[in-house]
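Dear colleague,

Please find below the sequence and structure that I am handing over to you. My notes on what was found follow directly after.

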Amino acid sequence: MAGDEETPPLLILHHLPNFKLSIFPLLRSKYTVLDPLDDPPHPSFHPLSKAARLMLCTGPTPVTAAVLDAYPALECIVGSSAGVNHFDLDACRRRRLRITCAGDSFSDDVADYAVGLAIDVLRRVSAADRFVRAGSWPVMREYGLGSKVSGKRVGIVGLGSIGSRVAKRFESFGCTIAYTSTKQKPNIPYTFHANAALLASNADILVVCCALTDETRHLINVDVMAALGKSGIIVNVGRGALVDEKALVEMLVKGEIGGAGLDVFEREPHVPRELFALDNVVLSPHHAVLTPESMGAIDDLILANIEAFFSNQPLRAEVQLDQFDS
């Protein structure tokens with residue numbers, strides 16, 4: 001690590017007020033941590049922040065051009081989120097900043113959750129739980145049938161780190177896998193479809209797990225949902241705005257699609273109230289990534305990348321900004 005014990009390297013913390021990591025105390029013991037939310041603030045925050053070269057951005061905290069302007073010496077941002085839609089990527093490119101993300105830290109957990117949501121919707125697990133807890137079993141005797149999971153056609157929107165793991169899990173159920181992505185991937189055995197509507201027309205389960213960009217916002221629109229049909233279900237573990245939420249609610253209420261498992265929403269933490277009464281919808285508070293194991297993995301990755309930056313070593317899970325349209 002560069003520097004010495006008398007002058008620990010400067011580290012900017014950029015986080016929402018209620019979003020903190022367990023490693024914050026450890027960071028404060030190793031670095032000169034500059035947190036604009038500290039009360040009282042660091043006595044030398046203003047001059048030191050102008051010289052800070054590294055920022056730690058936790059969760060989905062927005063990184064705007066105005067935020068970057070406050071730190072003129074910034075060279076690198078270590079992120080803890082799987083996505084980068086909270087970054088002003090044009091501003092980062094102009095500054096030639098290096099950015100890291102969560103990489104594969106959350107991928108297994110999110111893939112597990114996606115499959116769990118699909119099983120829950122199709123087999124009506126949460127709805128059955130409510131049925132029993134409400135005391136309806138002795139009274140009504142019978143409970144409506146769910147739908148078989150094995151052998152279903154699974155369409156995956158975004159065959160990246162998470163999507164590829166979703167595919168492998170559904171393969172064990174004997175499901176047929178197809179996908180759409182920005183381009184067809186070499187040496188992949190799954191059927192490629194050029195767009196989401198075509199994929200949906202050949203799927204029973206549509207799993208949405210691609211990155212949110214200007215191009216993918218509302219990628220899952222009315223046409224895609226209509227192609228999925230009355231027996232098809234949507235599972236969204238990506239970002240809420242990947243799906244046209246208003247259209248989704250309307251089609252679910254009208255019975256024009258079969259159901260949905262949603263971990264993400266357009267206006268979090270606000271969820272459309274119309275969904276609360278639908279037994280074919282399973283709702284989750286953006287927790288697909290959260291397990292003790294995934295939190296430990298992201299802590300380790302953050303610490304490794306901070307150490308790597310100050311030691312002039314290669315960064316892990318570095319974002320290639322040229323992959324995103326400017």
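Two strands are said to pair if DSSP finds at least two bridges between them. Helices (H or I, at least four residues) and strands (E, at least two) are DSSP runs, numbered from the N terminus. The model is predicted: local features need pLDDT of at least 70 and side-chain atom pairs count only at pLDDT 80 or more, while totals for chains, interfaces and linings use all residues. Residues are numbered from 1 along each chain as its sequence is written, and side-chain values use heavy atoms, with hydrogens and water left out.

The five-stranded sheet

Five strands form an open sheet with parallel pairing, in the order S2-S1-S3-S4-S5. Strand S2 (32-34) and S5 stand at the edges with a single partner strand each, so one side of each has no neighbour in the sheet. Within this sheet, S1 and S3 pair in the parallel sense over three bridges, and leucine 13 stands opposite leucine 56 in S3.

Helix H12 packs on this sheet, touching S1, S3, S4 and S5 (contact means heavy atoms within 4.5 Å). The direction of H12 makes about 165 degrees with that of S4; axes are lines fitted to C-alpha atoms, for helices over the stretch in contact, and angles run from 0 to 180 degrees between N-to-C directions. H12 (residues 292-310) has 19 residues and should span 27 Å at 1.5 Å a residue, and its end C-alpha atoms are 28 Å apart, which agrees. That expected span is 1.5 Å times one less than the number of residues. Among the buried residues of H12 are Ser294, Ile298, Asn305 and Phe310, where buried means under 20% relative accessible area, exposed over 50%, and partly exposed in between (1.4 Å probe, protein chains only). Just after H12, asparagine 312 takes a positive phi of about 60 degrees.

The seven-stranded sheet

Seven strands form another open sheet, again with parallel pairing, in the order S8-S7-S6-S9-S10-S11-S12. Its edges are strand S8 (191-192) and strand S12 (281-283), each with a single partner strand. Strand S7 (residues 176-180) and S8 pair over two bridges, and tyrosine 179 stands opposite phenylalanine 192 in S8. H5 packs on this sheet, touching S9, S10, S11 and S12. Helix H8 (residues 161-171) also packs on the sheet, where it touches S6, S7 and S9.

Aspartate 204 lies in the loop between helix H9 (196-200) and strand S9 (205-208). With 16% relative accessibility, aspartate 204 counts as buried. Beyond its neighbours within four places in sequence, aspartate 204 is in contact with residues including Lys152, Arg153 and Ser231.

Nonpolar cores

A nonpolar core is a set of buried Ala, Val, Leu, Ile, Met, Phe, Trp, Tyr and Cys residues joined through side-chain atoms within 4.5 Å. The largest has 51 residues, of which Leu27 and Phe170 touch the most other members. Helix H5 (residues 107-123) gives the most to this core, with eight residues. A second, separate core of 30 residues includes Ala196, Leu206, Leu212 and Met251.

Cysteines

With a disulfide taken as a pair of cysteine sulfur atoms within 2.5 Å, the count comes to zero. The sulfur of cysteine 92 is 9.5 Å from the closest cysteine sulfur, in cysteine 57, which is too far for a bond. Cysteine 92 is buried, with a relative accessible area of 0%.

With kind regards
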